[in-house]
Amino acid sequence: HWVYYQSPAGCWDSLFVDVYQLEQAEITGFESNYCFVNHLDTISGTPIGGTFNGPGMTDSIFNPMDAGAGLHQIQYTHGIGQCVVSTTEFLNVSDPITVVPGALQHICPNDPAIVEISASGGNGFNFTYAWNPDVTWLNQTEVYPEVTTTYEIITWDGCSEPDTSEVQVIVEPEITLTITTSAPQCQGAIGNASIVVGPGSNYD
């Protein structure tokens, strides 16, 4: 639009003013629920050229792990002065996978031990377990280690950031005995015997 002005002295001047229709702000390209994972998700805002604010946001990139678990408010704002439009969306990030390893165990050589973990969080179901050494695909199993062994378990739900934990089974050394006796004696004569327990062994 042209705006004209005439001074009392009869001088003229003019100014061209652009008037734009105010477009409502909108956020698109997001999920309502995210797993707790280190992933970069591009979110779009209209009108183009605005700014995002909220946990986990870097420019137009959303990272669920940076945001953290819980419900988060993401705001998009565009314009200046009285021509500012904004909108808000809420995104939920699930809890991270939490694993509680079984207790440290001490066993004798070739004795059985139950190694296990307990998982929670994530999407709450369909956990998979990758063991190293590869002894099972479940969250627990019976093992017969010959030496002290540390089992590493990667727990995953197919979406969240995997969790790595460890369970250790300590195999104690075998008890060694050295028995010494006196030479054979006649009945009624006094002899002697001694037992020496190997290093690292205790007895009562």
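Colleague: How many residues lie between E1 and E2 in their hairpin, and which residue in the turn has a positive phi?

Modeller: There are 5 residues between E1 and E2, and Gly-10 is the turn residue with a positive phi, about 95 degrees. Please keep in mind that this is a predicted model.

Colleague: How do you know that E1 and E2 pair, and in which sense?

Modeller: Two strands count as paired once there are at least two bridges between them. E1 and E2 are joined by 5 bridges and run antiparallel. As one example of who faces whom, Tyr-5 is opposite Asp-13 of E2.

Colleague: What makes Trp-2 and Phe-16 an aromatic pair, and of which kind?

Modeller: Two numbers settle that: a pair of aromatic rings is described by the distance of the centres and the angle of the planes. Ring centres have to lie within 6.5 Å, and planes over 60 degrees apart count as edge-to-face. For Trp-2 and Phe-16 the centres are 5.1 Å apart and the planes make 65 degrees, which gives an edge-to-face pair by the cut-offs. Trp-2 belongs to strand E1 (residues 2–6) and Phe-16 to strand E2 (residues 12–16), so this contact ties together parts 14 residues apart in sequence. Ring pairs also bring in Tyr-4, giving a cluster of Trp-2, Tyr-4 and Phe-16. The total by this rule is 5 aromatic pairs.

Colleague: Why is Thr-155 called buried?

Modeller: Its relative accessible area is 0%, and the cut-off for buried is under 20%, so Thr-155 is buried. Thr-155 sits in strand E17. Leaving aside residues up to four places away in sequence, its contacts include Ile-97, Val-99, Phe-127, Tyr-129 and Pro-162.

Colleague: What makes E13 and E15 edge strands?

Modeller: They belong to an open sheet of 4 strands in the order E13-E18-E17-E15, where the pairing is mixed. Strand E13 (105–107) and strand E15 (128–132) each have a single partner strand, so one side of each has no neighbour in the sheet. From one strand to the next, the twist averages 25 degrees. The partner of E15 is strand E17 (residues 149–156), joined to E15 by 5 bridges in the antiparallel sense. Among these contacts, Thr-128 has Trp-156 as its bridge partner in E17.

Colleague: Which residues of strand E16 are on its covered face, and which on its uncovered face?

Modeller: In a regular strand the side chains alternate between the two faces of the sheet. In strand E16 (residues 140–143), Thr-141 and Val-143 make up the covered face, while Gln-140 and Glu-142 make up the uncovered one. E16 pairs antiparallel with strand E14 (residues 113–120) over 4 bridges, and Ile-114 stands opposite Glu-142.

Colleague: Why is the protein called more spread out than a compact globule?

Modeller: The model has 1 helix and 20 strands. Its radius of gyration is 37 Å, whereas the globule rule gives 17 Å for 204 residues; 37 Å is well over that, so the protein is more spread out than a compact globule. Along the principal axes, the C-alpha atoms fill a box of roughly 150 × 35 × 20 Å. Of the 204 residues, 27% count as buried. The accessible surface comes to about 13,800 Å², with 53% of it belonging to carbon and sulfur atoms.

Conventions:
Residues are numbered from 1 along each chain as its sequence is written. This is a predicted model: local features need pLDDT of at least 70, side-chain atom pairs count only at pLDDT 80 or more; totals for chains, interfaces and linings use all residues. Side-chain values use heavy atoms; hydrogens and water are left out. Rings of Phe, Tyr and Trp (its six-membered ring) pair if their centres lie within 6.5 Å; planes under 30 degrees apart count as stacked, over 60 as edge-to-face and the rest as tilted. Helices (H or I, at least four residues) and strands (E, at least two) are DSSP runs, numbered from the N terminus. Axes are lines fitted to C-alpha atoms, for helices over the stretch in contact, and angles run from 0 to 180 degrees between N-to-C directions. Buried means under 20% relative accessible area, exposed over 50%, partly exposed in between (1.4 Å probe, protein chains only). Contact means heavy atoms within 4.5 Å. The radius of gyration is taken over C-alpha atoms; the globule rule is 2.2 Å times the number of residues to the power 0.38. Accessible areas come from the Shrake-Rupley method with a 1.4 Å probe; for residues, only the protein chains shown count as cover.
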